[in-house]
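Colleague: I would like to learn how to read charge features in a model. Could we go through them one at a time?

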Amino acid sequence: MSDNILVCVAWPYANGPIHHGQLGGAYLPADIFARYHRIRGNRVAMVSGSDTHGTPITVRADDEGRTPEEVVAEYHQSILDTWDGMGISFDTFTTTMTDNHEEVVHGLFNALLERDYLYRQTQDLFYDPEAKRFLPDRYIEGQCPHCDEPRARGDQCDTCGRQLDAIDLINPRSRNTGATPELRSSEHYFLRLTAFENPLQEWLDDDKDFWRTHVLNFSKGMLREGLQDRAITRDIDWGVPVPLDGWDDKRIYVWFEAVIGYLSATVEWAATNGDADAWRDFWQSDDARIYNFIGKDNVPFHTIIWPAILLGAGGYNLPYDVPANQYITMSGSKASTSQRWAVWVNDYLTRYDPDPLRYALAAQMPETADSDFSWSEFLRRNNDELVATWGNLVNRVLSLINRHFDAQVPDPGPLDRDATRMLDRAQSGLEQVGQSIEAVHLRQGIQQAFALAQEANRYLDQTAPWQAVKTDKQAAARSLYTALNVIAALRTALAPYLPFSCQLLHEMLNTQGSINDLGWQMHALRPGDQLQKPTPLFKKLDPSIVEEEEARLGT
């Protein structure tokens with residue numbers, strides 16, 4: 001019986017193109033995980049969308065003299081192009097501007113209101129006397145009261161990761177005008193987060209040993225410090241309306257409504273697939289598992305705030321795992337959209353194939369600590385690992401079979417001990433990779449797959465079928481048959497990581513159907529099966545690309 005696996009991925013702001021840090025931090029891990037479970041035969045829905053109501057949207061719109069709608073239209077399409085080019089296989093990638101999203105947000109808002117988890121309270125908020133407007137948190141900058149970072153935002157300090165209230169900032173200033181903001185009173189709805197401290201503590205204490213240590217420790221640390229109720233409405237005209245009379249000049253806070261997007265996107269997925277109630281199989285079924293793939297700066301919203309909303313509304317499954325990644329820096333410095341210090345994925349795709357970047361990011365995935373991307377390391381991984389280790393193994397085995405066995409799977413005859421051991425190793429290797437992906441240890445999984453490829457290369461070197469074919473064709477047939485079936489196992493093991501090149505290999509092996517139809521198991525190629533003419537899986541890159549690409553940084 002298949003499991004229901006819901007893969008929820010962080011909603012990117014539709015205010016700029018996707019860069020390598022975002023791709024490797026959340027979207028590539030989610031895609032690898034979802035692809036694996038599809039091959040296993042599980043029922044998978046991978047959902048997300050563009051966050052269109054975040055203040056980064058209005059900030060860019062203000063800076064460029066455009067409307068938020070114009071900014072969203074441009075960058076939502078750019079994001080869709082990135083997913084298509086990189087093979088990020090969303091089942092639904094929507095936006096927070098849909099009627100469906102608004103309806104689901106209103107449903108949870110009303111459920112919390114009815115159960116007394118929302119209340120009205122007047123609070124003092126910053127007002128820009130020059131712009132004559134209340135300032136959203138991201139429009140306010142100042143010194144962090146915890147780590148002294150001088151450019152902390154009014155909602156969060158990116159340096160220490162603490163959530164902030166704008167009034168806690170030291171020496172606050174308006175981002176737009178530079179004016180010192182004034183405190184003025186405004187009435188808002190608050191989420192009674194304090195009511196969920198004990199339920200959240202019980203949930204986090206209940207069999208979470210498989211969670212990443214930094215995620216669990218950070219979440220429990222927040223509870224030890226004590227939660228504070230948070231306003232869920234704000235003085236702004238951009239966002240989801242408050243579903244109450246007399247609140248026309250306010251909107252629901254983006255931090256509250258964006259996480260609800262996981263539910264609304266699943267509802268949309270169900271409707272699009274012709275079964276309007278199918279979302280319940282993920283959100284209200286005991287045999288479902290919900291995974292939230294995010295970056296480490298998003299941990300509190302997914303382990304504290306979103307579970308609290310779900311608990312308050314009642315009747316919904318909480319996240320099963322929140323495998324948040326650390327950061328991927330760029331040549332030793334933090335990736336930055338504003339400073340153009342990153343690899344812009346759509347720009348990358350104009351010059352290179354997708355799988356080399358997928359591989360480079362997966363091989364150094366920042367699961368437990370920050371990792372660094374550099375063009376020199378990208379070149380090395382492409383040429384020394386993709387081309388020389390994996391691609392070379394495939395090319396020389398298929399080329400020898402094409403040349404000496406009429407492009408047909410050789411009949412190995414009786415298998416000797418080395419061949420049997422190699423095939424057993426392929427079976428165990430495939431199982432190991434599957435177990436690693438299942439546990440969301442994705443970097444370990446690809447390392448295990450490439451270790452198997454290296455063993456297959458050593459086996460091929462030891463048996464030297466290119467020499468044996470001259471004097472003992474049966475021995476050459478046995479060697480090539482064995483190596484070919486290890487390649488077939490690696491095709492499955494690497495398919496979640498390298499879908500484009502593995503699909504090309506799948507076609508060269510002349511296997512019917514898609515890779516997803518194979519299942520996560522060994523599929524021995526039979527003697528006499530016809531193979532297709534081999535094509536190189538990867539391109540060797542010239543060392544000159546390092547200098548060329550580094551010159552593009554910051555421009």
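Colleague: Does Asp281 count as buried, partly exposed or exposed, and at what relative accessibility?

Modeller: Buried means under 20% relative accessible area, exposed over 50%, and partly exposed in between, with a 1.4 Å probe and protein chains only. Asp281 counts as partly exposed, because its relative accessibility is 29%. Before going on, note that this is a predicted model: local features need pLDDT of at least 70, side-chain atom pairs count only at pLDDT 80 or more, and totals for chains, interfaces and linings use all residues. Residues are numbered from 1 along each chain as its sequence is written, and side-chain values use heavy atoms, with hydrogens and water left out.

Colleague: Which residue forms a salt bridge with Asp281?

Modeller: Side chains of opposite charge can pair when their charged atoms come close. The criterion here is a side-chain nitrogen of Lys or Arg within 4 Å of a carboxyl oxygen of Asp or Glu. Asp281 pairs with Arg43, their closest N and O atoms being 2.5 Å apart. This pair links distant parts of the chain, 238 residues apart: Asp281 is in helix H9 (residues 280-283) and Arg43 in strand S2 (residues 43-50). Helices (H or I, at least four residues) and strands (E, at least two) are DSSP runs, numbered from the N terminus. Arg43 is partly exposed, with a relative accessible area of 30%.

Colleague: Where do Arg381 and Glu377 lie?

Modeller: Both are in helix H13 (residues 375-404), four residues apart, about one turn of the helix. Arg381 counts as buried at 13% relative accessibility, while Glu377 counts as partly exposed at 23%.

Colleague: How many salt bridges does a search of the whole structure find?

Modeller: The search finds 36. Some residues are linked in a network of salt bridges, namely Arg60, Glu64, Arg66 and Glu74.

Colleague: Which residues form a negative surface patch?

Modeller: Patch residues have over 30% relative accessible area and no salt bridge, and like charges are joined within 9 Å. Asp and Glu count as negative. Here the patch is formed by Asp542, Glu547, Glu548 and Glu550. Glu548 lies in helix H19 (residues 544-552) and is partly exposed, with a relative accessible area of 42%.

Colleague: What is the secondary structure of the chain, and what share of its residues is buried?

Modeller: The chain has 19 helices and 15 strands. Buried residues make up 58% of its 555 residues.

Definitions and conventions: Patch = residues over 30% accessible without salt bridge, like charges linked within 9 Å, V, L, I, M, F, W, Y side chains within 5 Å. Areas by Shrake-Rupley, 256 points an atom, 1.4 Å probe, with all protein chains shown as cover. Charge placed at Lys NZ, Arg CZ, Asp CG, Glu CD.
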